[in-house]
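I opened this structure for the first time today and kept short notes on what I looked up. The entries follow in the order in which I made them.

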Amino acid sequence: MHLLQSGVAFNVIALWLGHESTTTTHRYVEADLAMKNKALARLQSPGEPSYRYQPDDDALLQFLQAL
């Protein structure tokens, strides 16, 4: 748990423990409330605009069709 809380990747922990699969490691790891709160804080509010790229006026599609 301490490794996970300090930011070590889950699959790295599984390798260090010698587990063949991360599902084996998952049996021993449970997220505590601090980790859950940290993950929830990183989520985007539903009312906020998306930062995902959206092409405007189909310029990209026109460019690709012209190729």
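Entry one. I began with His19 in this predicted model, and, leaving aside neighbours within four places in sequence, I found His19 in contact with Ala14, Thr24, Thr25 and Tyr28. I then looked up where His19 sits, and noted that His19 lies in the loop between helix 2 (10-17) and helix 3 (22-26).

Entry two. Is His19 buried or exposed? I read a relative accessibility of 19% for His19, and because the cut-off for buried is under 20%, I wrote His19 down as buried.

What joins the side chains of Thr25 and His19? I found a polar contact of 2.6 Å between these two side chains. With a relative accessible area of 1%, Thr25 is buried. Again leaving aside neighbours within four places in sequence, I listed the contacts of Thr25 as Phe10, Ile13, Ala14, Leu17 and His19.

I followed up one of them, Leu64, which lies in helix 5 (residues 59-66). Leu64 has a relative accessible area of 46% and therefore went into my notes as partly exposed, since that class runs between the 20% and 50% cut-offs.

Key. Residues numbered from 1 in each chain as written. Predicted model: local features only at pLDDT ≥ 70, side-chain atom pairs only at ≥ 80, totals over all residues. Heavy atoms only, no water. Helix = DSSP H or I, 4+ residues; strand = E, 2+ residues; numbered from the N terminus. Buried < 20%, exposed > 50% of the residue type's maximum accessible area, 1.4 Å probe, protein only. Contact = heavy atoms within 4.5 Å. Polar contact = N/O pair within 3.5 Å; in protein donor to acceptor, adjacent residues only side chain to side chain.
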